[in-house]
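Please have a look at it first.

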Amino acid sequence: MEYILKNGIVYDPQNEINGETMDIFIKDDQIAESVSDDAKVIDVSNKIVMPAGVDVHAHVAGPKLVLGRLYRPEDSRMGVSQKTKIERAEAGFSIPCCPTTGYRYSRMGYGTVCEAAMPPLEAKHTHEEIATIPNIDINPVTLFGNNWFCMEYAREGRIEEMAAYIAAMLRVSKGYGVKIVNPCGSEAWGWGQNVHGYDDKAPYFDVTSRQLVVALAKANEMLGLPHSIHIHPNDLGHPGNYPTTVETLKSIKEIKKSTKKAAKIRDQTVHNTHLQFHAYDGTSWKDASSGADKVADFINHNDYVTGDVGQVTFDETTTMTADAPMEYDLFQISGLKWANKDIECETAAGIIPCIYSPKTPVGTLQWAIGLELFLLVDNPWQICMSTDHPNAGPFIRYPRIISWLMSAPRRMEMIENGEVHKWSHKRTGLAGLDREYDFYEIATITRAAPAKIHGFPDRGALTPGYKADIAVYDVNPNDFDPSRNPEMVERIFTSAAYTIKDGQILVKDGDLVATKPSHVIWTDVKGWEREEAQVLNEMMPFFTQYYSVKWENYQVHDHFLSNPIKVEVPAK
Amino acid sequence: MSYEPPVTDYDYIVENCTCAFCGCNCDDLDFLVKDNHVVAVRHACRLGASKVMEDLDQRLMVPMVRNEEGVLTETDWDTALDTAAEYIANSIRPVFYGWSETSTECMKEGLELGEYIGAVLDNQATICHGPSLQAMQNAGYPIQTLGEVKNRADVVVYSGSNAMNSHPRHLARWAVYPRGYFRQRGRFDRTVVTMDPKFSDTAKCSDMWIGFEQNGDYGFYNAIRAVIKGKKLQSESVSGIPAEDIYELVDVMKNAEFGVLFFGLGLTHTLGKQRNIDIAIKMVQDLNAMSKWGLTPMRGHFNVNGFNIFMAFETGWAFGVDFCRGWGRYMLGETNTIDLLVRKEPDCFMVVAADPGAHFPNGANQHLADIPVIQVDIHWGPSTELADVVLPGSFISVECAGTSYRMDGVPIYMKKAIDKPETCRDDEWIIRELKERVMKLREETNVAEKYVPNPIMDLKRLEKEE
C-alpha cells in the first residue's frame with residue numbers, strides 16, 4: 001500500500017526539519033523518496049506530522065506488571081470500556097492490561113516502547129505479554145544490576161567474560177540492552193537490607209555498586225551494543241540523593257564509547273532513567289528540596305549522559321520497580337498494600353500503590369523537580385519524556401506533561417492559585433523558570449531523542465528507508481499558541497489525527513481503525529560465540545546447583561517471540 | 001512399598017521434561033520412552049511419575065455426545081464439535097471453567113471465544129486459592145521465587161499445607177533439604193516449622209510442630225503479630241498453643257536471616273478464609289521490619305497460577321471474569337462459578353481440564369446436571385458423567401507442548417515427549433475449532449458501536465469545556 005501524507009507541517013528533529021510544510025511518502029511499511037501515481041493521498045494540511053512516538057522507558061510487560069494487576073483489581077476497574085468491532089474491552093488505569101496498553105499508546109501516536117526491566121528467569125513471561133500487546137513495538141532491556149555472575153565478574157575485574165556473559169544472556173532472554181537497577185541494592189534486599197551511596201558493598205559479594213556499574217558500562221561498550229547502559233542509580237527517592245546520582249554519572253566519564261556500527265547512532269555512554277527520583281537535596285523529608293539544578297548542571301556539561309525525567313502527574317498510580325528495598329521504605333511510610341518479588345540470583349521487585357496528590361508537600365516537590373529537570377537541561381536531545389510508567393504516573397498523561405512544558409503561564413497558574421502545594425516554589429526553583437518548549441523540542445524529547453538513545457536505526461525520524469511510523473496531530477502550529485491553550489495541547493496529543501505504524505493506518509481522528517501484532521526487538525551479538533561458550537561452560541555447574549530451573553527451560557524459545565526484529569551486532 | 005528394579009527396557013530418554021502435576025512444575029524430569037509410551041520417569045515424585053506413566057488409565061479416547069436416551073455415545077470429531085458449538089452459540093450465560101491443567105496457549109483461544117460470546121471465564125482458584133488472591137488484594141503479596149528459598153532461607157514455615165504429601169518434591173528441591181548458595185549444609189542450616197492441627201507427614205520432618213486448634217488460625221496469627229510488635233499476651237494460651245511456645249516461635253521468626261511462609265488450603269479454607277491469609281500476609285510484612293520474609297501459596301494444579309497470570313495480563317483480573325456485557329467484570333461472590341451455579345444462572349458450561357463433578361458442592365453440581373456441559377479433558381471423571389459432549393484432549397508436557405507458570409510465577413515451556421493417541425486432539429486445537437464454529441453460528445455479542453473512553457481517562461473534562 002502506498003500513501004502520500006500531503007502538506008503536513010513536519011517536525012522531524014533528526015533531519016532538522018522544523019515545521020516545514022512538505023509531503024511524506026509511504027511505500028508498504030517504509031518511508032519512501034517517492035511513490036507511484038496509485039498512492040492514496042491523505043490530506044494533512046495544517047496538521048502537525050511527526051515520527052511516531054518512542055517511549056524511552058516504561059514498564060508495560062512482565063511479571064511485576066502482572067503482580068500489580070493481580071493484586072489491584074480496583075485499578076483494572078478504573079479504566080474499563082466496552083469492546084468494539086476493532087478493539088477488545090479495555091481495563092486498567094495505571095497498569096492497563098496488555099491489549100489496552102497497545103491501544104492507548106496508539107491513540108497518542110506512539111509506535112515504540114522500551115520495556116524497562118526484564119528479569120532473565122521470567123523473560124518468557126515478559127515476551128508472552130509483549131506478544132499480547134498490539135500496535136507497538138517493544139524492546140525489553142534485561143536486568144543485570146544485581147546479577148550474581150555480573151557481581152563476581154565485576155569484583156574480579158573480568159570485563160571480557162562479563163561482556164561474553166551479557167551477549168549470551170541477551171540471546172537467552174531475547175533482550176535489547178543492559179538495564180541496571182539499584183546496583184547491589186536489590187541483592188542486599190535479599191537480606192532485607194539496602195546499599196547506601198555509590199560505594200557501598202552488597203553483603204557477602206564484596207563488590208561496590210561503583211565497581212559493578214563501571215564494569216557493566218565497559219562491557220557494554222566492548223560489545224558495542226546499540227543502547228548504552230540504562231541505569232537507575234542507588235538511593236532512589238531519598239532526600240539528599242543527588243550526589244549519588246552525580247557520582248554515578250561521573251564514574252562513567254572516562255569510558256570510551258564504542259566505535260562499532262551499532263553503537264554509532266547514540267552519543268551517550270550512560271542513560272540515567274527517571275532522574276526526578278534521583279535529584280533530591282536535603283537530609284530528610286522535613287528539609288528536602290530540589291537538587292535538579294545540580295543534576296541538570298552536570299548533564300549540561302557532560303554530553304555522554306542522557307536521561308529521562310519520570311515526571312509525577314498527580315494520579316493514583318502503582319509504583320513498581322526492581323528497587324525492592326525502596327518499595328518497602330514506601331510501605332513503611334504509606335502503609336498501603338505492599339507486594340514484593342525476589343528473583344533468584346538476578347534481581348528483586350517491589351510494588352505499592354501510590355497517590356500523588358497536589359495537596360501534599362512531597363508529591364508536589366517531586367512534580368516540580370521533574371519539570372525543573374525538563375526546563376534546566378539545555379539540550380533536548382539529552383532529556384526525554386517519561387513518567388517511568390506507571391511509577392510517577394500512567395503514560396496516558398504524557399500529553400498533560402507536554403502541556404505543562406509548553407505553557408509557563410499554566411505552571412504559574414498552578415503555583416499561584418494553590419492548585420499545588422507551596423513546596424512547589426518554596427523548595428524548588430520552578431517558579432523562576434519561564435522556558436517553554438516548542439513543537440520541535442517536544443518532537444525531540446518524545447521521538448527523536450529516545451530513538452537515538454536506544455540506537456534504533458529504523459525509527460524516530462521520517463528518513464526514507466525508515467519504518468513508516470508516523471503520527472499526525474490536528475493542530476496548525478502557525479496560528480495556535482500552546483502557551484495560552486494548555487488544555488488544547490493536552491487534547492491534541494491525547495488523540496492523534498492519524499497514527500501510522502509500519503505503513504498501516506491504526507488510528508484516525510483519535511479512534512482506532514485497525515490493530516496489528518507487535519514486534520519485539522532484541523539484540524543478537526555476533527562473533528563472541530567462543531567466549532560465550534566458555535563463559536556458559538564455566539557458569540553451568542553453578543547454574544545447575546543454585547537456580548531452580550534447568551538451563552534448557554531457562555531460555556526463551558522462539559515460540560515466545562512476537563514477530564522478532566533482530567538487531568545484529570557484528571563481530572569485534 | 002516394595003522394591004522396583006530400575007527400568008532398562010526403553011528406546012530413548014527425553015531430558016528436562018516438566019511435570020504436569022502440582023504447582024512445583026519440576027522441570028528436571030527424564031522420560032524413558034518405549035513404543036511411544038513413557039515407561040519410566042526419573043526424578044519425579046510418585047504423584048508426578050504415576051500421572052505421566054498411567055496416562056492411558058481411564059483415558060478418554062474418542063469424542064462422545066449424549067444421545068436422546070441420555071447415554072454417552074462415541075462419535076466423530078465433527079459431530080462432537082458441532083454439537084458443542086451449538087450448545088455454546090445458543091446459550092446466553094455460558095461459563096468456561098477450568099483451564100488449570102492446560103497451557104496458556106489453549107487459554108488464549110478460550111478467552112477469545114469467551115470475549116466473543118460473552119462468557120464467564122473462571123478457574124480452580126475459585127474453589128482453592130481464591131481466598132489467597134482475595135487476601136493479596138486486601139493486604140499485599142510479598143513473594144519470592146523458589147530458587148531464592150533454596151539459596152537463602154534459614155527458616156521455612158508450612159502453614160495449613162502438607163507438602164510432603166501434596167507437593168512431595170517441594171521440600172527436596174527447594175525449601176528444606178537442598179544445599180543453597182548461602183545454605184551449604186542443606187537441611188542442617190534450616191529451621192522447619194509446620195503449623196497444622198494435624199501431625200502431618202510434613203510435621204514429622206519439621207523441627208517445630210505447632211498444632212493449633214482447628215479454625216484457630218486467625219487467633220494464632222493475631223497472637224504472633226502481637227508478640228512481634230512487642231506486646232505481651234494476656235492469656236496463657238492462644239488457639240490451644242501455650243504462650244511460651246508462641247514467644248519461642250516468634251523468636252525464631254524474628255531472628256531468621258531469610259524466612260518463608262508456605263501456606264496451603266489448610267489456611268485458606270478454615271474459618272476466616274481470606275482473613276487468615278490477610279493476617280498471614282500482614283505478619284510477613286511486619287517481620288520484614290526486622291528480618292527478611294516472604295511467602296508463597298502452595299498452588300495445586302501445575303498451571304492454576306498460569307491462568308491467573310494469563311487472565312491478569314489479558315483482561316486485568318485474575319479469575320471469575322464476566323464478559324457478558326461486552327467488558328470485563330470481576331466481583332467475587334457474583335462472577336464466580338460456584339455462585340453462578342448455585343444461583344442457577346448459567347445455561348451452558350464448558351469445563352476444560354478440570355473436574356467440577358468431583359470438587360463442586362452438591363448444589364452447584366445439581367445445576368450442572370440440568371444444563372448442557374461440555375468437557376475437554378484427558379481422563380474420565382465424575383464430570384464426564386455430567387457431560388453432554390466429551391472432547392478428549394491431549395496431555396500437556398507429555399503429548400503436547402505448552403507454557404505453564406509455577407507457583408512462584410516462573411514460566412516454563414513444557415515440551416512434548418511422545419505423540420498423542422491418534423483419536424485425541426490438542427486442547428488448543430479443540431478450543432480453536434470450537435471458537436471458529438461458534439463464530440460461524442452466531443454474531444459477536446454486546447459490541448459497542450463506537451469506543452467510549454472510561455471517564456477516568458479524563459477526556460470528559462476536556463469535552464465539557466469545549
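**A serine and its surroundings**

Let me begin with B:Ser91, which, leaving aside residues up to four places away in sequence, touches B:Asp347, B:Cys348 and B:Arg442. Please keep in mind throughout that we are looking at a predicted model. B:Ser91 sits in the loop between helix H2 (77-89) and strand S6 (94-98) of chain B. Is B:Ser91 buried or exposed? Its relative accessible area is 1%, and because anything under 20% counts as buried, B:Ser91 is buried.

Next, let us turn to a strand that reaches across to another chain. Strand S16 of chain A covers residues 338-343, and six of its six residues are buried, so this strand is largely enclosed by the rest of the structure. From S16(A), A:Trp338, A:Asn340 and A:Asp342 point one way, while A:Ala339, A:Lys341 and A:Ile343 point the other way. S16(A) runs parallel to strand S8 (residues 140-144) of chain B, with five bridges joining them, and here A:Trp338 stands opposite B:Gly140. With strand S17 (residues 347-355) of chain A, S16(A) pairs in the antiparallel sense, again over five bridges, and A:Ile343 stands opposite A:Thr347. The hairpin of S16(A) and S17(A) has three residues between the strands, and in it A:Cys345 takes a positive phi near 60°.

Back in chain B, three strands form an open antiparallel sheet in the order S1-S2-S3. Strand S1 (12-17) and strand S3 (37-42) of chain B stand at the edges with a single partner strand each, which means that one side of each has no neighbour in the sheet. Neighbouring strands of this sheet are turned by 30° against each other on average, if direction is ignored. Helix H1 (residues 46-53) of chain B packs on the sheet, where it touches S2 and S3 of chain B, and its direction makes about 170° with that of S3(B).

Finally, how much space lies in the largest pocket? The value is about 700 Å³, and of the 32 residues that line this pocket, B:Phe21, B:Lys51, B:Glu101, B:His301 and B:His379 are the closest to its centre.

Terms used. Residues are numbered from 1 along each chain as its sequence is written. Chains are lettered from A and ligands numbered from 1 in the order in which they are written. This is a predicted model: local features need pLDDT of at least 70, side-chain atom pairs count only at pLDDT 80 or more; totals for chains, interfaces and linings use all residues. Side-chain values use heavy atoms; hydrogens and water are left out. Two strands pair if DSSP finds at least two bridges between them. Helices (H or I, at least four residues) and strands (E, at least two) are DSSP runs, numbered from the N terminus. Axes are lines fitted to C-alpha atoms, for helices over the stretch in contact, and angles run from 0 to 180 degrees between N-to-C directions. Contact means heavy atoms within 4.5 Å. Buried means under 20% relative accessible area, exposed over 50%, partly exposed in between (1.4 Å probe, protein chains only). On a 1 Å grid over the protein atoms alone, a cavity is a set of points where a 1.4 Å probe fits but cannot get out, and a pocket is an open set with protein on both sides within 12 Å along at least five of seven lines; lining residues have an atom within 4 Å of a point. Grid points are joined across faces, edges and corners, and a volume is the space filled by probe spheres set on the points.
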